[in-house]
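Reader: Can you walk me through this one? I'd like the contacts and the packing, with cut-offs.

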Amino acid sequence: RARWVCAHPWGSSPSPHNLPFPPGFQIKSQQSEVTRILDGKNIKYELVDISQDNALREEMRAKAGNPKAIPPQIVNGDQYCGDYELFVEAVEQNTLQEFLKLA
C-alpha cells in the first residue's frame, strides 16, 4: 500500500503570485492526477491531509529530505518514493511499481 502525503486541495502554494490559477490549483491538479493513475492501476493508497497538522507537514518534509517540500509527496511506509515529477516520470517509463517500492 502506497502512502501518499498531500495537502488540503486549496492549500498554500510556494509562489501564488506567479501562477495563472488560484493558490493551490497546481497542487490540487497534481493530486488528482496521482489518485487517478493509482485508482486506474488498482493500487491501494492512503491520502494524508497535512494542511491542518504541522507535525504531519514536518514528517512529510523530513521523509522527503527537503524542508520546503510541497505536496504531493509519495511515501510507502517509511520509505520515501518521490515527488510528483518523479511519479510522472515513473509512469511514463513504465516503472511505477519500482518507484512505489512495490516490486
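**Salt bridges and cores**

Author: Start with a charged pair: the side chains of Arg36 and Glu33 form a salt bridge, 2.9 Å from N to O. A salt bridge here is a side-chain nitrogen of Lys or Arg within 4 Å of a carboxyl oxygen of Asp or Glu. This is a predicted model, where local features need pLDDT of at least 70 and side-chain atom pairs count only at pLDDT 80 or more, while totals for chains, interfaces and linings use all residues. Residues are numbered from 1 along each chain as its sequence is written, and side-chain values use heavy atoms, with hydrogens and water left out.

Reader: Where do Arg36 and Glu33 lie?

Author: Both are in helix H1, three residues apart, about one turn of the helix. Helices (H or I, at least four residues) and strands (E, at least two) are DSSP runs, numbered from the N terminus.

Reader: Is Arg36 buried or exposed?

Author: Exposed, at a relative accessible area of 52%. Glu33 is partly exposed, at 26%. Buried means under 20% relative accessible area, exposed over 50%, partly exposed in between (1.4 Å probe, protein chains only).

Reader: How many salt bridges does the structure hold?

Author: Four. One of them joins Asp78 and Lys63, with the closest N and O atoms 3.2 Å apart. Asp78 sits in the loop between strand S3 (73-76) and strand S4 (79-83) and Lys63 in helix H2, so the pair ties together parts 15 residues apart in sequence. Salt bridges with shared partners also join Glu59, Lys63 and Asp78 into one network.

Reader: Switching to packing. Which residues touch the most other members of the largest nonpolar core?

Author: Leu38, Ile74, Phe87, Leu96, Phe99 and Leu100, out of 13 residues. Helices H1 (25-40), H3 (84-92) and H4 (96-99) each give two or more residues to this core. A nonpolar core is a set of buried Ala, Val, Leu, Ile, Met, Phe, Trp, Tyr and Cys residues joined through side-chain atoms within 4.5 Å.

Reader: What does Phe99 touch?

Author: Ile74, Cys81, Gly82, Asp83, Leu86, Phe87 and Ala90, not counting residues up to four places away in sequence. Contact means heavy atoms within 4.5 Å.
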